[in-house]
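This report reads a single protein chain from its overall layout down to a few individual residues. Please keep the sequence and the structure in view while reading.

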Amino acid sequence: MFDLLFGAGRSQHAAGAEEAQRAGRNVEHLEAELARVEERLEKISIVTQALWTLVKQNTSLTDEQLSTAVCEIETQKQQSAQVPLKCPQCGRAMLARDRRCLYCDYREPEGDVLSQV
Ligand SMILES: [Zn+2]
């Protein structure tokens with residue numbers, strides 16, 4: 001009887017250790033993903049600053065006009081994110097803002113320069 005209980009306790013301990021290991025790997029994966037996202041965000045920020053510098057140097061556009069354009073694009077994105085699209089690969093619904101199907105991992109082709117950094 002004691003051996004049976006002791007054996008069950010050991011097996012629970014092993015299951016707990018496996019779960020902890022799995023959780024540790026998930027944390028490592030998420031940390032690596034976060035580092036990639038932060039690196040991409042930094043690149044996008046640099047490209048955006050370079051583009052705005054060039055635009056200001058070569059046109060008469062102002063910061064206020066840039067702010068207005070940013071607001072317009074944000075509004076358009078918010079509106080399009082609420083419209084469900086159909087995944088061309090599996091046919092299930094996907095949100096435009098995700099640009100990726102949650103079911104089959106289909107990714108919409110990237111179209112602009114900022115999405116390629
Ligand atoms: Zn899909």
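## Overall layout

The structure shown is a predicted model, and its protein chain contains two helices and two strands. Followed along the sequence, these elements come in the order α-α-β-β, and helix α1 covers residues 2-58.

Of the 117 residues in the protein chain, 2% count as buried. When contacts between residues at least 6 apart in sequence are considered, 19% of them join residues at least 24 apart.

## Confidence of the prediction

The average pLDDT of the protein chain is 84, and 84% of the residues reach a score of at least 70. Among the elements of the chain, helix α1 has the highest mean pLDDT, at 88, whereas β2 has the lowest, at 80.

Arginine 99 belongs to the segment that comes after β2, a strand spanning residues 93-95. Because 16 C-beta neighbours fall inside 10 Å, arginine 99 is classed as partly exposed. Once its neighbours within four places in sequence are left aside, arginine 99 is in contact with Arg107 and Glu108. Proline 109 is 10 residues away from arginine 99 in sequence, and the C-alpha to C-alpha separation of this pair is 8.4 Å.

Arginine 100 is likewise found in the segment after β2, and it counts as partly exposed because 14 other C-beta atoms lie within 10 Å, a number that falls between the limit of 12 or fewer for exposed residues and that of 20 or more for buried ones. With neighbours within four places in sequence again set aside, the contacts of arginine 100 are Asp105, Tyr106 and Arg107. Arginine 100 and cysteine 87 are 13 residues apart in sequence, with 8.4 Å between their C-alpha atoms.

## Aspartate 105

Aspartate 105, one of the residues in contact with arginine 100, also lies in the segment after β2. Is aspartate 105 buried or exposed? Aspartate 105 counts as exposed, because it has 10 C-beta neighbours inside 10 Å, and the cut-off for exposed residues is 12 or fewer.

Notes
Residues numbered from 1 in each chain as written. Predicted model: local features only at pLDDT ≥ 70, side-chain atom pairs only at ≥ 80, totals over all residues. Helix = DSSP H or I, 4+ residues; strand = E, 2+ residues; numbered from the N terminus. Contact = placed C-beta atoms within 7 Å. pLDDT = per-residue confidence, 0-100.
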